[in-house]
Amino acid sequence: MGLKDRITEDMKAAMRAREADRLGAIRMLLAAIKQKEVDERIEVDDPAVVAIVERLIKQRKDSIEQFGKAGRTDLVDKETAELRLLQGYLPQALSEAEVAAAIDAAIAEVLGAAAPGTANALGPSSMGKVMALLKPRLAGRADMAKVSGLVKARIAG
């Protein structure tokens, strides 16, 4: 069963259980998926659904921060509940060791692809190449902002 089908089944279960808050959050996710399908005239696959979920998670985190600053605990609670639900649709997160291993492999690939006769030193220009390799491999399984920081530290160090 694909991720989109799983989300649809979860919506049906929430309807049967009369869980209004959960149902609303799932419908919001399905609406975002449908919007992407309509806008791009495609049928989304699991990686595209994961990208949508990640975007919605980022929005929830930003909203929680803003509502927290404004003292709106009612809205913070609502957004936090939606955030937890959305995180349930992401693949299993990688451990720090697995992320470090993926970073090392990507750096080795970039160094291996360097033009013959050039110094195989990593510089700031390598950052984009390494991140381009890592993004599809780690999407949905690691916080890409943290990964970016780790890559930057690894290249600088």
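Reader: Which residues in H5 are buried?

Author: This is a predicted model. Residues count as buried under 20% relative accessible area. In H5, the residues that are buried are Val-99, Ala-102, Ile-103, Ala-106, Ile-107 and Val-110.

Reader: Which helices are included in what covers the buried residues of H5?

Author: The face turned away from the buried side of H5 carries exposed Ala-97 and Gly-112. The buried residues have a cover that includes helix H6 (126-138) and helix H7 (144-156).

Reader: How far apart are the end C-alpha atoms of helix H5?

Author: Helix H5 has 17 residues, at 1.5 Å a residue. The span should therefore be 24 Å. The model agrees: the end C-alpha atoms are apart by 24 Å.

Reader: Which residue forms a salt bridge with Lys-4?

Author: Lys-4 lies in helix H1, and its partner is 39 residues away, in the loop between H2 and H3. The closest N and O atoms are 3.1 Å apart. The partner is Glu-43.

Reader: How many residues apart in sequence are the parts that Arg-137 and Glu-109 tie together?

Author: The side chains of Arg-137 and Glu-109 meet in a salt bridge, 2.5 Å from N to O. Arg-137 lies in helix H6 and Glu-109 in helix H5, so the pair ties together parts whose separation in sequence is 28 residues.

Technical notes: Residues numbered from 1 in each chain as written. Predicted model: local features only at pLDDT ≥ 70, side-chain atom pairs only at ≥ 80, totals over all residues. Heavy atoms only, no water. Helix = DSSP H or I, 4+ residues; strand = E, 2+ residues; numbered from the N terminus. Expected span 1.5 Å × (residues − 1). Buried < 20%, exposed > 50% of the residue type's maximum accessible area, 1.4 Å probe, protein only. Contact = heavy atoms within 4.5 Å. Salt bridge = Lys/Arg side-chain N within 4 Å of Asp/Glu carboxyl O.
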